[in-house]
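Hi,

Here is the structure I promised to pass on. Have a look, and my notes follow below.

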Amino acid sequence: MFEIVIFVLTYLGIGFQRGFDSNILIDESNLRDYYSGLNFLLTQYSMERPWGYELLASGNFFDNYSDMNFLTFRGSVFYFKDFGKVGNYMESGVDFEWDIFSPYRAFSIIPGIASRIYLDEKRKTALIPSWDLHIIISDEGYNLENLPRIRLNTGFWGISLVLMTNLKWRYSATYVQPQSSGIGGWPARPRYMTITENLYAGNSSIRLGRKFGDLLDFHYQLDYHFLPTKNLVNVENLKEKLDPFNREEFAYTGFSHSFKVNLRIKEISIAYNYAFSCRDYKIVDTTQSVLPRSDVGYYHSIEGTIPLMKKASKAGVSCFFRYEINNSNLVEFSYTRKEFGAGLYLEL
């Protein structure tokens with residue numbers, strides 16, 4: 001990873017990562033699917049002007065499955081509005097993502113708005129409402145997602161408390177070509193049907209955090225993901241983990257716990273994150289029979305930075321390691337994933 005910051009207001013970064021997934025395609029090959037990634041990030045904003053933007057180009061290249069290579073371009077344009085009272089603000093903008101080269105070529109655009117409003121004079125309690133509209137367009141169809149969220153930040157006895165909830169509603173349309181042998185011996189004409197569906201899901205969470213000076217801070221978060229029982233999701237759709245139309249979040253309900261610790265020793269910064277989740281899926285296969293699925297997941301990550309030079313410019317070493325394992329009663333949904341990276345950063 002190589003990072004450059006120019007005049008503090010412009011950020012330029014180049015990163016590299018390497019990893020493997022024991023079952024990225026959810027198949028029976030049991031091959032380690034190695035992949036490498038490279039990304040380029042540019043962020044520009046101004047303290048005097050309310051406009052800003054961010055551009056990210058990234059590529060992921062697989063060693064075992066050449067047809068799974070990805071090349072993606074992402075970006076965002078945002079507008080910042082100060083309400084006049086210190087701490088109160090509004091931000092609006094548009095995010096977009098284009099899968100230029102991948103097995104799942106699609107374009108998505110996400111207009112959204114968020115604001116922060118303090119509810120007391122001591123600025124300890126803040127209400128943060130936001131709303132996004134997610135539009136995904138591909139050759140196979142399109143979908144629209146509404147995502148309203150609300151978050152409450154407060155604190156007591158040196159402990160920060162965050163309550164969050166969001167609801168997601170998706171309307172999707174998929175184009176399919178029915179099988180036909182034609183009439184009178186003539187070839188079949190390309191005819192397309194549109195299959196539409198509505199799916200719903202939501203999430204609520206509680207986060208508790210505590211900071212101990214400039215040396216140590218941590219937080220614990222409990223999440224509950226829920227959905228109506230009427231959601232019917234085909235089991236084969238869940239195997240396409242990299243498909244932007246993937247419906248996994250509309251197929252399970254359950255709890256997850258996460259615990260994060262940040263440690264700073266002089267100029268060295270180390271962050272450790274641990275997460276544990278239990279999920280019970282409500283999925284229906286092509287025969288319309290219910291397939292019970294229960295997953296237990298574990299996630300670990302360690303990230304660190306070590307500065308080597310600190311003058312007018314800053315330079316140093318950055319690295320990370322991530323490990324994830326998912327155990328499912330349906331064997332094809334069990335997998336292990338490891339990812340690591342290292343590099344240099346530079347701030348001007």
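**E339 and its surroundings**

Leaving out residues up to four places away in sequence, E339 touches Q17, R18, G19, Y35, F320, F321 and R322, where a contact means heavy atoms within 4.5 Å. E339 sits in strand β17 (residues 335-347); strands (E, at least two residues) and helices (H or I, at least four) are DSSP runs, numbered from the N terminus. E339 counts as buried, at 18% relative accessibility. For that label, buried is under 20% relative accessible area, exposed is over 50%, and partly exposed is in between (1.4 Å probe, protein chains only).

**Before you use it**

This is a predicted model, so to speak of local features I need pLDDT of at least 70, side-chain atom pairs count only at pLDDT 80 or more, and totals for chains, interfaces and linings use all residues. Residues are numbered from 1 along each chain as its sequence is written, and side-chain values use heavy atoms, with hydrogens and water left out.

The mean pLDDT (the predictor's confidence in each residue, from 0 to 100) is 83 for the protein, and 85% of its residues reach 70 or more.

**Salt bridges**

How many salt bridges does the structure hold? There are 15, each defined as a side-chain nitrogen of Lys or Arg within 4 Å of a carboxyl oxygen of Asp or Glu.

- R149 and D132 meet through their side chains at 2.8 Å, N to O. R149 lies in strand β9 (residues 141-156) and D132 in strand β8 (residues 126-138), so this pair ties together parts that are 17 residues apart in sequence. R149 is partly exposed at 31% relative accessible area, while D132 is buried at 18%.
- E249 and K168 form a salt bridge at 3.3 Å, N to O. This pair links distant parts of the chain, 81 residues apart: E249 is in the loop between α1 (235-238) and β13, and K168 is in strand β10 (residues 159-176). E249 counts as partly exposed at 26% relative accessibility, whereas K168 counts as buried at 15%.
- E248 and R293 pair up at 3.8 Å, N to O. E248 is in the loop between α1 and β13 and R293 is in strand β15, so the pair ties together parts that are 45 residues apart in sequence. There is also a network: salt bridges with shared partners join E145, K168, R170 and E249. Back to the pair, E248 is partly exposed at 24% relative accessible area, and R293 is buried at 3%.

Y281 is in strand β14 and is buried, with 5% relative accessibility. Beyond four places in sequence, Y281 touches L238, E248, A251, Y252, L291, R293 and D295; E248 and R293 are the salt-bridge partners from above. Y281 and F250 are 31 residues apart in sequence, with their C-alpha atoms 9.0 Å apart.

N326 lies in strand β16 and is buried too, at 10% relative accessible area. A polar atom of the N326 side chain lies 3.0 Å from the backbone oxygen of F333. With residues up to four places away left out, N326 touches D295, V296, G297, F333, S334 and Y335.

**The nonpolar patch**

Which residues make the nonpolar surface patch? They are L215, L263, I265, I268, I270, I302, I306, L308, M309, V317 and L344, and the patch covers about 900 Å². Patch members have over 30% relative accessible area and no salt bridge; nonpolar side chains (Val, Leu, Ile, Met, Phe, Trp, Tyr) are joined within 5 Å, like charges within 9 Å. The areas come from the Shrake-Rupley method with a 1.4 Å probe, and for residues only the protein chains shown count as cover.

At least two patch residues come from each of β13 (252-265), β14 (268-284) and β15 (290-310). β15 gives the most, with four. V317 is found in strand β16 (residues 314-328) and is partly exposed, at 31% relative accessible area.

Cheers

Terms used
A polar contact is a pair of N or O atoms within 3.5 Å; within protein, one must be able to donate a hydrogen and the other to accept it, and residues adjacent in sequence count only if both atoms are side-chain atoms.
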